[in-house]
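Welcome! Please have a look at the sequence and the model first, and then read on.

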Amino acid sequence: MSGEALVLSTTEGGVATLTLNSPANRNALSLAMLTALVDALDAAEADAAVRVVVLTHNGPVFSAGMDLKEAVVVGLEKVSGILLGMLRRIAALSKPVVIRLAGPARAGGLGIIGAADVVIAADDITFAFTEARIGVAPAIISLTVLPRMEPRKAHRWCLSGETFDATAAADAGLISQAVPAAELDAAVQSVLAELLLASPQGLAETKKLLGREIVGLLDRDGEEICALSAGLFASEEAKEGMTAFLEKRKPRWQQ
């Protein structure tokens, strides 16, 4: 896969499809992946022919979250700001962002889901906020996820790191709809057809209204939350948690 773009982009019929394209590491959110996604979103924003953006993925996993191998080596300081900017780009984009979710999402991948406008998922996939299990917290992604979710479920899932399914995710407000895997593409196409009936100005102004809370949170709390996240990732406990994960062993607090 050497030399292939980390985010593929095609445009047809007013729809820009952006595809996360690093299946070898489960579409982990490396600095390079985040940068490529921001660039692709910027291009879609600037293209007058694009009315709606679809975000999907190659490989069996939507995103495993932060690239922990990179985080261990370079620290999170270099990644936090661009992660925050990428989430804001999705939330503030003047065009609706629809996620086609055919594979599981973990940790940082859920932040992308929270920032998007419509999320259609196959009902056989799973989700998990795994941060607490490695000694950190879902800090940056909390700004896009918590406004979407029923609080009691958010508390349980974020604290425990347990896995939950797409039906539970829909019931909690994290995603828009869970459908049988065989019906996923038809469900996404149905949403796109409805969105394309709206005018460009109607979509842009309505999205601006709907996204005010999340964009406001990102602008108000983003710098503080990035500093918190970077500090947690630099801690000895997090280093143990990430190393244990990469070495496929239990961290010391689970012994």
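A residue counts as buried when its relative accessible area is under 20%. Keep that cut-off in mind as you explore this model, which is a predicted one.

**Aromatic rings**

- How many aromatic pairs does a search of the whole structure find? The search finds three.
- A pair of aromatic rings is described by two values, the distance of the centres and the angle of the planes.
- In the pair of F127 and F164, the ring centres are 5.7 Å apart and the planes meet at 15°, so this pair is stacked.
- These two partners come from distant parts of the chain: F127 belongs to strand β7 (residues 126-128) and F164 to strand β8 (residues 164-165), 37 residues apart.
- Are F127 and F164 buried or exposed? F127 has a relative accessibility of 0%, so F127 counts as buried. F164, at 5% relative accessibility, counts as buried too.
- F164 also pairs with W157: their ring centres lie 3.7 Å apart with planes at 5°, so this pair is stacked.
- Both W157 and F164 are buried.
- Ring pairs join F127, F129, W157 and F164 into a cluster.

**Helix α3 and helix α10**

- Two packed helices are described by the angle between their axes and the distance between the axes.
- Helix α3 (residues 77-92) packs with helix α10 (residues 212-234) at an angle of about 165°, and their axes are 10 Å apart. Because of that angle, α3 is roughly antiparallel to α10.
- The crossing of these helices, α3 and α10, is right-handed.
- On the α3 side, the contact is made by E77, S80, G81, L84, L87, R88, A91 and A92. On the α10 side, I214, V215, L218, D219, G222, E223, C226, S229 and A230 take part.
- What kinds of residues make up the contact of α3 with α10? They divide into nine nonpolar, four polar and four charged.

**Helix α3 and helix α4**

- α3 has a contact with helix α4 (residues 108-115) as well; their axes come within 8 Å and cross at roughly 25°. That angle is why α3 counts as roughly parallel to α4.
- The crossing of α3 and α4 is right-handed.
- M86, L87, I90 and A91 of α3 meet G111, I112 and A115 of α4 in this contact.
- The residues of the contact of α3 with α4 include six nonpolar and one polar, with no charged.

**Two single residues**

- Where is M149? M149 sits in the loop between α5 (142-145) and α6 (151-160).
- With a relative accessibility of 6%, M149 counts as buried.
- Leaving out residues up to four places away in sequence, M149 touches F129, A154, W157, A172 and L174. F129 and W157 are also members of the ring cluster.
- M149 and L83 are 66 residues apart in sequence, and their C-alpha atoms are 20 Å apart in space.
- T19 is part of strand β2 (residues 15-20). T19 has a relative accessibility of 11%, so T19 counts as buried.
- Not counting residues up to four places away in sequence, T19 touches L6, V7, L8, T56, H57 and N58.

Note on methods: Residues are numbered from 1 along each chain as its sequence is written. This is a predicted model: local features need pLDDT of at least 70, side-chain atom pairs count only at pLDDT 80 or more; totals for chains, interfaces and linings use all residues. Side-chain values use heavy atoms; hydrogens and water are left out. Axes are lines fitted to C-alpha atoms, for helices over the stretch in contact, and angles run from 0 to 180 degrees between N-to-C directions. Helices (H or I, at least four residues) and strands (E, at least two) are DSSP runs, numbered from the N terminus. Angles under 35 degrees count as roughly parallel, over 145 as roughly antiparallel, 65 to 115 as roughly perpendicular and the rest as oblique. A crossing is left-handed if the near helix is turned anticlockwise from the far one by less than a right angle, and right-handed if clockwise. Contact means heavy atoms within 4.5 Å. Ala, Val, Leu, Ile, Met, Phe, Trp, Tyr, Cys and Pro count as nonpolar, Asp, Glu, Lys and Arg as charged, and the others, Gly among them, as polar. Rings of Phe, Tyr and Trp (its six-membered ring) pair if their centres lie within 6.5 Å; planes under 30 degrees apart count as stacked, over 60 as edge-to-face and the rest as tilted. Buried means under 20% relative accessible area, exposed over 50%, partly exposed in between (1.4 Å probe, protein chains only).
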